[in-house]
Amino acid sequence: MKELVLAVALTTGSSLCAMAADQVTKAPPAAPYEQVSKLVKLPDFLPGMGQLFVDPTTLPAGPFLAYDHDGKLVSTIYMLPTKDLNPDKRFDDLASPGGNVDHVDVYYNAGHPGVEEPHVHVVLWHVAAPDEARVAK
Amino acid sequence: MTLTRREIMGGGGGLAAALSLSSLAVWGGEIVEIKMQGNEDGSHVWFDPIGILIKPGQTIRWINLNPGNSHTTTAYNPANFERPLRMPKAAKSWDSDYLLPNESFSVTFTEQGVYDYFCIPHEHAGMVGRIIVGEPEMHGWTELVGTNGDLPEVALKAFPMVEDILTKGIVRRT
């Protein structure tokens with residue numbers, strides 16, 4: 001019986017994840033996501049990341065959803081201020097609203113409107129590494 | 001792309017003293033350009049040059065050449081987010097607000113002295129710059145640079161020395 005409940009739970013969970021991913025795979029994602037370039041003064045398409053959307057209530061960490069020139073989701077990005085990476089703060093249960101993650105990049109960023117302080121980009125790529133080129137320029 | 005150019009007149013005193021031209025390159029033209037730059041992943045951002053010597057009446061034009069970021073040129077002045085005064089008291093403050101790629105902003109400087117400025121989203125990454133308006137001679141201006149206030153350490157370390165700017169005319173990021 002326990003196995004059945006677990007199976008149902010897993011199936012329901014994965015279905016919900018799939019539904020959630022379906023809602024964000026094409027730009028623009030549904031509310032509460034908003035286009036970053038309409039929230040702050042930033043270029044609409046950021047080389048290396050793409051066109052970004054975020055739920056403003058989740059700033060500065062995100063998640064930010066990044067799309068290529070064809071409006072296809074390529075990554076989910078978290079932006080974690082370096083000052084918050086300390087013994088007294090945690091970032092738990094960060095979601096991957098875009099679904100499956102192919103690989104992850106982590107790198108330092110000096111800051112930009114919206115996250116005006118040095119921070120770390122944690123990029124959950126939903127595409128294979130060669131396809132990162134879709135948002136290179 | 002349409003260029004946006006916002007110009008204000010910096011400096012309140014209007015020192016019109018005739019100054020002998022020096023051999024320093026920046027004294028030759030009326031408009032001096034400072035580039036706002038960054039690398040591809042946004043891990044490094046900077047003004048180029050970071051330090052410059054100009055003569056009274058010259059104009060500085062900042063232009064954002066960073067395709068993936070916005071930048072500001074913002075004077076250290078209480079008028080700007082109550083930042084400490086690090087420029088001549090008599091001179092007018094400035095703040096470009098965010099400049100998108102290829103946008104520019106100009107200020108004409110008339111008051112002699114040392115002017116420190118920063119980029120709002122990148123002050124904590126050390127994106128600052130220093131302008132000296134006047135003659136390429138020592139005036140004890142090191143002392144005129146404001147108190148350190150609550151500037152981030154990384155910003156304080158990034159300022160080129162007044163003596164270097166006076167000696168070289170242009171100081172680039174090392």
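Reader: Which residue of β4(A) does A:Gln51 stand opposite?

Author: A:Gln51 stands opposite A:Tyr67. Bear in mind that this is a predicted model.

Reader: How do you know that β3(A) and β4(A) pair, and which way do they run?

Author: Two strands pair if DSSP finds at least two bridges between them. Four bridges join β3(A) to β4(A), so the two count as paired. They run antiparallel.

Reader: What joins β4(A) to β5(A)?

Author: Four bridges join β4(A) to strand β5, residues 73–81 of chain A. These strands are antiparallel too. In β5(A), A:Thr76 is the bridge partner of A:Leu65. The hairpin of β4(A) and β5(A) has five residues between the strands. There, A:Gly71 takes a positive phi near 75°.

Reader: Why are both faces of β4(A) called covered?

Author: Look at each side in turn. A:Phe64 and A:Ala66 lie on one side, A:Leu65 and A:Tyr67 on the other. All four are buried. A residue is called buried if 20 or more other C-beta atoms lie within 10 Å of its own.

Reader: What makes B:Asp97 partly exposed?

Author: B:Asp97 has 13 C-beta neighbours inside 10 Å. Exposed means 12 or fewer, and buried means 20 or more. The value 13 falls in between, so B:Asp97 counts as partly exposed. B:Asp97 has a positive phi of about 65°, although it is not a glycine. It sits in the loop between β6 and β7 of chain B.

Reader: How do you know that B:Asn102 is partly exposed?

Author: Apply the same cut-offs. B:Asn102 has 15 C-beta neighbours inside 10 Å, so it counts as partly exposed. B:Asn102 is found in the loop between β6 and β7 of chain B. Its phi is positive, at about 75°, and it is not a glycine.

Reader: What makes β6 and β10 of chain B edge strands?

Author: The open sheet has five strands, in the order β6-β8-β9-β4-β10, with mixed pairing. β6 and β10 each have a single partner strand, so one side of each is left without a neighbour in the sheet.

Reader: How many bridges join β8 to β9 in chain B?

Author: Six bridges join them, and the strands run antiparallel. One example is B:Val114, whose bridge partner in β9(B) is B:Ile132.

Reader: Which residues touch the most other members of the largest nonpolar core?

Author: That core has 43 residues. B:Ile54, B:Ile60, B:Met127, B:Ile131 and B:Ile132 touch the most other members. Take B:Ile60, leaving aside its neighbours within four places in sequence. Its contacts include B:Val32, B:Ile54, B:Phe109 and B:Ile131. A second, separate core of 26 residues includes A:Ala27, A:Leu52, A:Phe53 and A:Trp125.

Reader: Where do chains A and B meet, and how many residues are in contact?

Author: 16 residues of chain A are in contact with 18 residues of chain B. Strand β6 of chain A, residues 103–109, gives the most to the chain A side, with three residues. By class, that side has nine nonpolar, four polar and three charged residues.

Definitions and conventions:
Residues are numbered from 1 along each chain as its sequence is written. Chains are lettered from A and ligands numbered from 1 in the order in which they are written. This is a predicted model: local features need pLDDT of at least 70, side-chain atom pairs count only at pLDDT 80 or more; totals for chains, interfaces and linings use all residues. Two residues are in contact if their C-beta atoms, placed from the backbone, lie within 7 Å. Ala, Val, Leu, Ile, Met, Phe, Trp, Tyr, Cys and Pro count as nonpolar, Asp, Glu, Lys and Arg as charged, and the others, Gly among them, as polar. A nonpolar core is a set of buried Ala, Val, Leu, Ile, Met, Phe, Trp, Tyr and Cys residues joined through C-beta atoms within 7 Å.
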